[in-house]
Amino acid sequence: AVAEGEARGAAADSGEEAGASPLAAAVNLTFEVRAASRMEVSARGADEPVCTVLRPRLPVSVTDKEARGAAGAAWDIEQSLFAPYEEALVRKNFRERCFALDWQYGNIEKLLKTDVDRTQVKELLRAHYAAIHVLHSSLCSADWGLSQEPRERRRQPLVFGVGWHEFTHMLVQHSLVGEDLTLEEADAQFVMSAVPSAESASWHPVAQTEGRLLLRHDFFGLIVRLAASVHGSAAEATARGEARAGGASKSASVAKALEYLLNKNLVYTTRAQQERGVHAAMKNISKAVEWRVDVLHTEPVETALRVHMDVLEPLFAAHAERGALNLLILRPEGWLAVLDWLEVLPVGKDSQMALWDRVWLWRISAMTHTDEVKSAEHLQLTFVEYVEAVARLVALLRSRERVANASAADLEKWDYGLGPPSAATIFCVDKEGVMDTDAFAKHLSTFLGRARASHKRRPLPAPPVAGVGGGGG
């Protein structure tokens with residue numbers, strides 16, 4: 001207001017016309033809100049006193065639920081370690097913004113020849129956006145060749161996306177290869193989907209994949225390309241008079257072929273499909289996502305995490321960097337360094353699955369970001385996301401051990417012929433140790449206890465910045 005008055009006075013002295021604010025004309029008042037904090041406040045009841053006495057938070061050593069209840073400190077996720085976590089993908093307006101960008105970046109409309117197909121394909125992808133997004137996240141790994149190079153010699157930062165290895169697993173798990181789609185055709189569609197677009201030169205360096213990985217918008221384009229191949233194959237068969245299951249509907253248009261592909265191979269939309277075991281791969285992915293609410297976001301697990309903050313926080317700080325709003329974040333290289341220090345999931349010359357596991361833990365734990373092309377924020381792991389990734393690491397290690405020691409009969413449930421099954425496939429198989437809240441909390445505490453002992457023997461490197469700060473939630 002003072003500046004406004006001075007500016008108006010200066011304008012009057014110089015004889016300028018009054019009206020438009022000279023300050024507004026001289027200063028660009030437009031700004032972008034990158035992050036914000038919020039708190040929901042309920043209206044005070046009519047008989048509720050204005051002043052209250054606030055009891056200090058209980059020390060983390062108090063773990064007995066009855067003691068907490070007696071002290072009037074009932075567990076509430078909004079007051080817990082997990083409070084900062086918010087998966088915006090559940091909101092329709094957020095999904096709409098993500099989809100609009102992916103449709104634009106993927107140039108998907110250029111893959112379709114008719115306006116009818118463009119409209120119908122767009123609506124189909126929009127309707128199934130969340131499922132396809134989660135499928136892409138579950139298939140993401142890192143560039144294998146780049147990951148094998150020393151960090152200081154890498155020509156670009158590590159990027160997460162779907163590579164040949166993960167795409168092959170997708171083809172087998174979702175039964176995509178068959179009479180309508182050959183392996184050669186599927187591979188050709190992958191190559192064409194991964195080719196950088198003309199606009200990619202102006203994108204953020206983390207979106208420069210050089211055609212080796214499929215980013216999120218590339219993956220949506222791949223789904224459409226696969227549908228177009230199915231459509232073309234079915235149309236040719238129909239023209240030759242060959243009868244195929246659903247051939248008439250698949251050959252009608254690319255949109256019909258996409259609908260067929262989604263319903264038959266990729267997403268399940270009806271209870272009958274789920275009861276028949278259709279799309280077991282997507283069902284496993286969904287269960288892995290739901291584990292966050294069913295097991296992780298509970299009082300016993302939070303208690304186990306808080307008791308071991310003396311190792312979780314230093315480990316995070318030792319490999320973190322300052323991100324937006326000066327908060328501490330982990331970049332992909334930092335997360336891989338955390339796993340190296342914990343001596344888990346070692347990545348060697350023949351361990352692409354271990355690299356996929358490492359990236360899967362990140363992607364399944366990270367909150368969704370709108371733009372993954374012109375921003376690198378989706379490659380910045382906050383403290384609450386890091387805590388989830390560590391907890392999921394414990395669960396994944398137990399399930400991997402369960403599969404490794406399984407009988408031949410049990411192994412057939414998860415083996416689909418490509419060696420070790422993907423993380424999403426087997427994440428929940430240890431029902432007693434991973435899906436039971438109290439049992440998992442004990443396993444988590446045991447793992448972090450060993451990490452604490454290791455911390456005493458092997459001091460962490462000095463953190464590049466002091467303290468966890470705002471990143472600690």
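Predicted model: local features only at pLDDT ≥ 70, side-chain atom pairs only at ≥ 80, totals over all residues.
Local features were taken at pLDDT of at least 70 and side-chain atom pairs at pLDDT 80 or more, whereas totals for chains, interfaces and linings use all residues. Residues are numbered from 1 along each chain as its sequence is written, and side-chain values use heavy atoms, without hydrogens and water.

The largest nonpolar core comprises 121 residues. Such a core is a set of buried Ala, Val, Leu, Ile, Met, Phe, Trp, Tyr and Cys residues joined through side-chain atoms within 4.5 Å. Buried denotes under 20% relative accessible area, exposed over 50%, and partly exposed in between (1.4 Å probe, protein chains only). L125, F219, W335 and Y386 have the most contacts inside the core. Helix α19 (residues 383-404) gives the most to this core, with eleven residues. Helices are DSSP runs (H or I, at least four residues), numbered from the N terminus. Beyond its neighbours within four places in sequence, Y386 is in contact (heavy atoms within 4.5 Å) with L312, L315, F316, L330, W335, V338 and L381.

Two further helices are mostly covered or enclosed. In α15 (residues 299-307), seven of the nine residues are buried. These are E299, P300, V301, E302, T303, A304 and L305. In α18, 13 of the 14 residues are buried, so this helix is largely enclosed by the rest of the structure. The expected span of a helix is 1.5 Å times one less than its number of residues. For α18 this gives 20 Å, which agrees with the 20 Å between its end C-alpha atoms.

D371 occupies the loop between α18 (352-365) and α19. D371 counts as buried because its relative accessibility is 18%. Its side chain places a polar atom 2.8 Å from the backbone nitrogen of V373. For the backbone nitrogen of K374, the corresponding distance is 3.1 Å. Both are polar contacts (N or O atoms within 3.5 Å; within protein, one able to donate a hydrogen and the other to accept it; residues adjacent in sequence count only if both atoms are side-chain atoms). Residues up to four places away in sequence aside, D371 touches L101, Y105 and H378. Y105 is 266 residues from D371 along the chain, yet their C-alpha atoms are separated by 9.9 Å.

S193 belongs to helix α9 (residues 183-194). S193 is buried, at 8% relative accessible area. Its side chain makes a polar contact with the side chain of R225 at 3.5 Å. Outside four places in sequence, S193 is in contact with L214, D218, G221, L222 and R225.

Technical notes: Helix = DSSP H or I, 4+ residues; strand = E, 2+ residues; numbered from the N terminus.
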